[in-house]
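Biologist: Before we look at any single feature, could you take me through how such a model is read, giving the general idea and then the case in hand?

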Amino acid sequence: MTAARRFLLLVIGASPLWAQGAWADSLQDGLYKVSVMLDMGQTEDLNARKTTEICVRADTPDHAHGFFLLTDNIQLAHCPVKNVVKGDKQITFYIICDGIDAGRASAVYTLEPDAFEGRYVMRMGGKNMTMRETQSGRRVGDCPK
């Protein structure tokens, strides 16, 4: 094992961001009001907008903290989150469905202490269509018990 790899493992083991309630001061756990927009490219009149609330927590089993697609995307709704990578001010992951020509999405979230911006690029299985979902969330309180 190289010295650089040992150092990286030491740093990761010493201070895991996902184990801290405030993710190293980059985002607080809590209830977030989120504005969502789905961009379907060429079909501008079909762009969907909505506002919803989500509970964001550092301790979710998939390590995505409650972040997921918020538009009504049935094809990706039950697909697993994979390859979660967390940084001080960012989290990235993929949503990858099983099977040939299955849907997939990539996500990038920029984190602030009480707000986030999320961006998804989705490719629907078996179709030559790419859609983009953007999310803008602001903390409004604690998660319901």
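Modeller: Let us begin with burial: a residue is called buried when its relative accessible area is under 20%, exposed when over 50%, and partly exposed in between, using a 1.4 Å probe and counting protein chains only. In this predicted model, local features need a pLDDT of at least 70 and side-chain atom pairs count only at pLDDT 80 or more, whereas totals for chains, interfaces and linings use all residues. Residues are numbered from 1 along each chain as its sequence is written, and side-chain values use heavy atoms, with hydrogens and water left out. By the burial rule, Phe93 and Tyr120 are both buried, and buried residues account for 34% of the 145 residues in the chain.

Biologist: What is the mean pLDDT of the chain?

Modeller: The pLDDT is the predictor's confidence in each residue, on a scale from 0 to 100. Here the chain has a mean of 80, with 79% of its residues at 70 or more. Over residues 2–24, however, the pLDDT is below 50, although this stretch has 29 contacts in the model beyond near neighbours in sequence, a contact being heavy atoms within 4.5 Å.

Biologist: Which pattern does the chain follow along the sequence?

Modeller: Helices (H or I, at least four residues) and strands (E, at least two) are taken as DSSP runs and numbered from the N terminus. The chain has one helix and seven strands, and their order along the sequence is α-β-β-β-β-β-β-β. Of the contacts between residues at least 6 apart in sequence, 46% join residues at least 24 apart.

Biologist: How many aromatic pairs does the structure hold?

Modeller: Rings of Phe, Tyr and Trp (its six-membered ring) pair if their centres lie within 6.5 Å, and the angle between planes then sorts them: under 30 degrees counts as stacked, over 60 as edge-to-face, and the rest as tilted. There are seven aromatic pairs in the structure. One of them is the stacked pair of Phe67 and Tyr109, with 4.0 Å from centre to centre and 20° between the planes. This pair links distant parts of the chain, 42 residues apart, with Phe67 in the loop between β2 (48–56) and β3 (81–86) and Tyr109 in strand β5 (residues 104–112). Phe67 and Tyr109 are both buried. Phe93 and Tyr120, by contrast of geometry, are edge-to-face, at 6.1 Å centre to centre and 70° between the planes. Because Phe93 lies in strand β4 (residues 90–96) and Tyr120 in strand β6 (residues 115–123), this pair ties together parts that are 27 residues apart in sequence. Ring pairs also link Tyr32, Phe67, Phe93, Tyr109, Phe116 and Tyr120 into a cluster.

Biologist: What is the count of disulfides?

Modeller: A disulfide is a pair of cysteine sulfur atoms within 2.5 Å. By this rule the model has two disulfides. One of them is formed by Cys55 and Cys143, whose sulfur atoms are 1.8 Å apart, and the link is right-handed, with 110° about the S-S bond. Since Cys55 is in strand β2 and Cys143 in the segment after β7 (130–141), the pair ties together parts that are 88 residues apart in sequence. Cys55 counts as partly exposed, at 25% relative accessibility, whereas Cys143 is buried, with a relative accessible area of 14%.

Biologist: And which residue does a disulfide join to Cys79?

Modeller: Cys79 is joined to Cys97, with an S to S distance of 1.8 Å. The torsion about the S-S bond of Cys79 and Cys97 is about 90°, so this disulfide is right-handed. Cys79 is in the loop between β2 and β3 and Cys97 in the loop between β4 and β5, 18 residues apart, and both Cys79 and Cys97 are buried. With bonded cysteines counted along the chain, the disulfides follow the pattern 1-4, 2-3.

Biologist: Where does Leu69 lie, and which residues is Leu69 in contact with, leaving aside its neighbours within four places in sequence?

Modeller: Leu69 belongs to the loop between β2 and β3 and counts as buried, at 8% relative accessibility. Gln135 itself is in strand β7 and is buried, with a relative accessible area of 1%. The side chains of Gln135 and Tyr109 are joined by a polar contact of 2.7 Å, where a polar contact means a pair of N or O atoms within 3.5 Å; within protein, one must be able to donate a hydrogen and the other to accept it, and residues adjacent in sequence count only if both atoms are side-chain atoms.
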